[in-house]
Amino acid sequence: MKHLKKLEDEVSAWPQVSIHPHRFGGKEFRFGSAEIGHVHIGGIVDTPFPRSIRDALLAKELAEEHHWVPNSGWITFHVRTEDDLEHALWLMRLSYLRYALKTEDDPHRLLERACEELRLSPQFKTLLEPFARATNHVPADRLSV
């Protein structure tokens with residue numbers, strides 16, 4: 001599926017992201033050792049979030065409950081069209097941002113820039129602010145889910 005190849009190419013180009021085989025098939029994307037999401041053949045994109053962000057995504061109908069672990073922080077999104085691809089990239093970038101904020105020297109500046117680029121609502125900005133605390137600075141290789 002051409003959309004998944006585009007997603008893989010874009011996400012793998014983000015700083016500190018690596019690609020690995022996913023244990024249930026497909027490709028897994030990691031920031032350091034923390035998974036930011038994975039794609040399955042057929043267009044299913046699964047992305048982990050803290051429960052508060054996951055709940056906000058579900059409430060705004062921006063994602064679906066994860067198909068195997070619905071009572072977790074994971075969400076599922078199906079990529080079928082070019083518009084779906086853009087939304088899947090948005091979801092992956094949101095997941096990526098949590099870890100990027102923890103390793104950034106100036107996390108507040110990064111959060112402000114990301115809010116503009118991703119067009120985040122005030123609600124999502126508020127949910128991401130705890131990750132932008134300067135005391136959270138962690139080397140990328142020490143991150144894990």
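Which strands does H3 lie across? H3 lies across E1, E2, strand E3 (34–40), strand E4 (44–48) and E6, and runs at about 165° to E3. Contact here means heavy atoms within 4.5 Å. Axes are lines fitted to C-alpha atoms, for helices over the stretch in contact, and angles run from 0 to 180 degrees between N-to-C directions. Helices (H or I, at least four residues) and strands (E, at least two) are DSSP runs, numbered from the N terminus.

This is a predicted model, in which local features need pLDDT of at least 70 and side-chain atom pairs count only at pLDDT 80 or more, while totals for chains, interfaces and linings use all residues. Residues are numbered from 1 along each chain as its sequence is written, and side-chain values use heavy atoms, with hydrogens and water left out.

**The sheet**

Six strands make up an open sheet. Their order is E1-E2-E3-E4-E6-E5, with antiparallel pairing. E1 and strand E5 (64–65) stand at the edges with a single partner strand each, so one side of each has no neighbour in the sheet. Two strands pair if DSSP finds at least two bridges between them. E5 and strand E6 (residues 74–78) are joined by two bridges and run antiparallel. Glu65 stands opposite Ile75 in E6.

**Aromatic rings**

The whole structure holds four aromatic pairs. Rings of Phe, Tyr and Trp (its six-membered ring) pair if their centres lie within 6.5 Å; planes under 30 degrees apart count as stacked, over 60 as edge-to-face and the rest as tilted. Two of these pairs can be described in turn.

Trp14 and Tyr96 form a tilted pair, 5.2 Å centre to centre, with 55° between the planes. Trp14 lies in the loop between helix H1 (2–12) and strand E1 (17–21), and Tyr96 in helix H3 (residues 82–103), so the pair ties together parts 82 residues apart in sequence.

Phe31 and Tyr99 form a stacked pair, at 6.3 Å centre to centre and 25° between the planes. This pair also links distant parts of the chain: Phe31 is in strand E2 (residues 27–31) and Tyr99 in H3, 68 residues apart.

Ring pairs join Trp14, Phe31, Tyr96 and Tyr99 into a cluster. How accessible are these residues? Buried means under 20% relative accessible area, exposed over 50%, and partly exposed in between (1.4 Å probe, protein chains only).

| Residue | Relative accessible area | Class |
|---|---|---|
| Trp14 | 9% | buried |
| Phe31 | 1% | buried |
| Tyr96 | 6% | buried |
| Tyr99 | 4% | buried |

Arg93 lies over the face of Trp14, at 4.6 Å from the ring centre. A charge sits over a ring if NZ of Lys or CZ of Arg is within 6 Å of the ring centre and within 35 degrees of the ring normal.

**Helix against helix**

H3 and helix H4 (residues 107–118) pack at about 175°, with axes 10 Å apart. They are therefore roughly antiparallel, a class for angles over 145 degrees. The H3 side of the contact is Trp90, Arg93, Leu97, Ala100 and Leu101. From H4 come Pro107, Leu110, Leu111, Ala114 and Leu118.

**Two loop residues**

Gln16 is not a glycine, yet has a positive phi of about 70°. Gln16 is found in the loop between H1 and E1 and is partly exposed, at 45% relative accessible area. Glu61 also has a positive phi, near 55°. Glu61 belongs to the loop between helix H2 (51–59) and E5. At 72% relative accessible area, Glu61 is exposed.

Definitions and conventions: Parallel < 35°, antiparallel > 145°, perpendicular 65-115°, else oblique.
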